[in-house]
Amino acid sequence: MNPRVILEDMLFKKSQQKRRTSPSNYKQRYFVLSTEDLTYFECRPGKKPAMKGCIELSRIKCVEMVYSEALIPCSYKYPFQVAHDNYYLYIFAPDKDCRLRWVRALKEETKNNCLFSKYHPNFWADGRWRCCQQNEKMALGCAEYDPSKNASKKPLPPTPEPQRRFSDPGEMVVVALHDFIPQGDLDLRLHKDQEYIVTDTSDSNWWTVQDSNGNTGFVPCSYLAEKSPNNLERFEWFNKDMTRAQSEQRLFKEDKEGAFTVRNSRQAGVYTVSVFTKALGSNGQNNPRVKHYQIRETDGGKYYLAEKYLFNTIPDLIHYHQHNAAGLITRLRHPVSMSRHSAPRTAGFASDKWEVDPADLTLDVELGSGQFGVVLLGCWREIKVAVKMVREGAMSEEDFKEEAQVMMKLSHSKLVQLYGVCTQRAPMCLLFEFMEHGCLSDYLRGNRGSLPRETLLGMCLDVCEGMAYLESANFIHRDLAARNCLVSENHVVKVSDFGMTRFVLDDQYTSSLGSKFPVKWSAPEVIQYSKFSSKSDVWSFGVLMWEVYNEGRMPYENRSNGEVMDALTAGLRLLKPKLAPEAVYQLMDWSWKEKPEDRPSFNLLFHQLLALAEL
């Protein structure tokens, strides 16, 4: 039996210094935890990752967090340790939740090993243990090792009842990014820029908060940002997921001297300020361009863009440079936001509402039709929605209604949000987030010849990010293609119709011989055995990338389904699109490996595409 992948993430590792002369360094690696081993890889843009280390789980003797006041040289500040054989591997996570997730999973998988009775809670550094000052690396630890502490526990099934939604996360103060008007009896009104105390985070989409008057209720967590000195989410100028190419495109479109944005850099945990200037070039002519400045951090925890000007926090740094160029090509005059004009979508209209009253729903023009029925533009209490009218006999309604609440809890900026259902009249309606520019395949064909390669890569990144979220939630799409992705008003591409094919009752759709079956997007194991998995979704994503770089062309457009199946069996694959760089085509080809286990995960594909976007 092949080992099952449990976790995978981009993390930092400290060299294990297995030789006395080896230097101490910190490197970013892609870690994969399976039921057999812990493996880490070096990721290279456009190339298959190179394995740099592998530890059999049976050899692990201790897994625990590291608590230290020592300066951590890498950008990930939450360390944990894996003791194996005669070595200690120090791994650094980007946040507390990620670290806890890895420690729990590793403890669960190694709980039956021959474990240490004691461990060292601090680092081994400079020839001694910082916690107990012993100078032998394999000296007995100074703290009792409890394998059950922070060990994984099976999660309770999701429940909507308020009395079972309290997890006591401690007092977390948050700031409202947007106004929120309650839609259900259990919701609380939010006022933009006001502070609230979080009392429960057990629901992944709706948190319980308390306002300054002591009132409590549910609010969408996407409307909140934690109040902390370097939490940038609440600032208009911060665009977390914007790539270098997208920032340049957006700033050139703004065309204002000093237009700027702050975004994540390719290097995890580091931020970049991108600023537009029309300053004269060396030839004395106007030279519109975008300059990118990396925000750097001193050993003492100060931030700077120009070395002479140091600040305690990043917001302080930005505020200063909004008034003083101080080493920059121009001061930061005009903050540019990619999507702050409207509030983010919520998972459902209210915390306690997923069934929509037909009286509150009005229907407008037809937007299109699909295998489930017609799609109409609708309005629910002044909110624009896309309403799918399910054709009678097209879908297993009872099965769908049973799982609709689960699907509604899937909430991500790169997924088309399912808001609710209306089952009190026939036909049954599904209410989705309205996407202004329609499906991706039509959008590509309608803009053929005018989309730069950076935009095409950004589309693939958007879809891959959404699919990585579904993968992490153990949710299989089953019908990923450009026709099942939609384009928003801000030209963000989002994944739609995830998991819907489970409820289809059309035999033609489920039969590999029927014309409706998406053979041209399907992995060999799906065609032959109807075996779906995240790795079969990865195959489909490779075909979607091919569609994007061919600007909406039909894959295998001159071949029948039968001919495609024969070609795949013979090992033939789609040819490289003219617009696709070689590195992108290598990722497509990697997605089309015959064996599912040889294909990359969406998480890994996303990091590879992100690296290409930053080149």
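Before you start, residues are numbered from 1 along each chain as its sequence is written. Because the model is predicted, local features need pLDDT of at least 70 and side-chain atom pairs count only at pLDDT 80 or more, while totals for chains, interfaces and linings use all residues; side-chain values use heavy atoms, with hydrogens and water left out.

**The whole protein**

Show everything as a cartoon: there are twelve helices and 29 strands. These are DSSP runs numbered from the N terminus, with helices being H or I of at least four residues and strands E of at least two. Of the 615 residues, 49% count as buried, where buried means under 20% relative accessible area, exposed over 50%, and partly exposed in between (1.4 Å probe, protein chains only).

**The seven-stranded sheet**

Next, find the open, antiparallel sheet of seven strands in the order S4-S3-S2-S1-S7-S6-S5. Two strands pair here if DSSP finds at least two bridges between them. At the edges are S4 (47-56) and S5 (60-65), each pairing on one side only.

Select 26-34 and 37-44 to see S2 and S3, an antiparallel pair with four bridges. Leu33 has Leu38 in S3 as its bridge partner.

Now move to S5, which is joined to S6 (residues 78-84) by five bridges in the antiparallel sense. Ile60 stands opposite His84 in S6. Five of the six residues of S5 are buried, so this strand is largely enclosed by the rest of the structure.

**Aromatic rings on the sheet**

Rings of Phe, Tyr and Trp (its six-membered ring) pair if their centres lie within 6.5 Å; planes under 30 degrees apart count as stacked, over 60 as edge-to-face and the rest as tilted. By this rule the count comes to 19 aromatic pairs. One of them joins Tyr26 and Phe92, with centres 5.5 Å apart and planes at 65°, so the pair is edge-to-face. Tyr26 lies in S2 and Phe92 in S7 (residues 87-93), so the pair ties together parts 66 residues apart in sequence. Which of the two is buried? Phe92 is, with a relative accessible area of 1%, whereas Tyr26 is partly exposed at 26%.

**The five-stranded sheet**

Another open, antiparallel sheet has five strands in the order S15-S14-S13-S12-S16. S15 (216-220) and S16 (224-226) stand at its edges with a single partner strand each, so one side of each is left without a neighbour in the sheet. Zoom in on S12 (residues 172-176), which three bridges join to S16 in the antiparallel sense. Val175 has Ala225 in S16 as its bridge partner.

**Charges over rings**

Select Lys388 with Phe432: the charged end of Lys388 sits over the ring, 5.0 Å from its centre. Then try Arg478, which lies over the face of Phe532 at 5.0 Å from the ring centre. The rule asks for NZ of Lys or CZ of Arg within 6 Å of the ring centre and within 35 degrees of the ring normal.

**Last stop: helix H11**

Finish at residues 582-591, helix H11, where the buried residues include Tyr585, Met588 and Trp590. Their cover includes S4, H6 (453-472), H9 (534-549) and H12 (602-613), with contact meaning heavy atoms within 4.5 Å.
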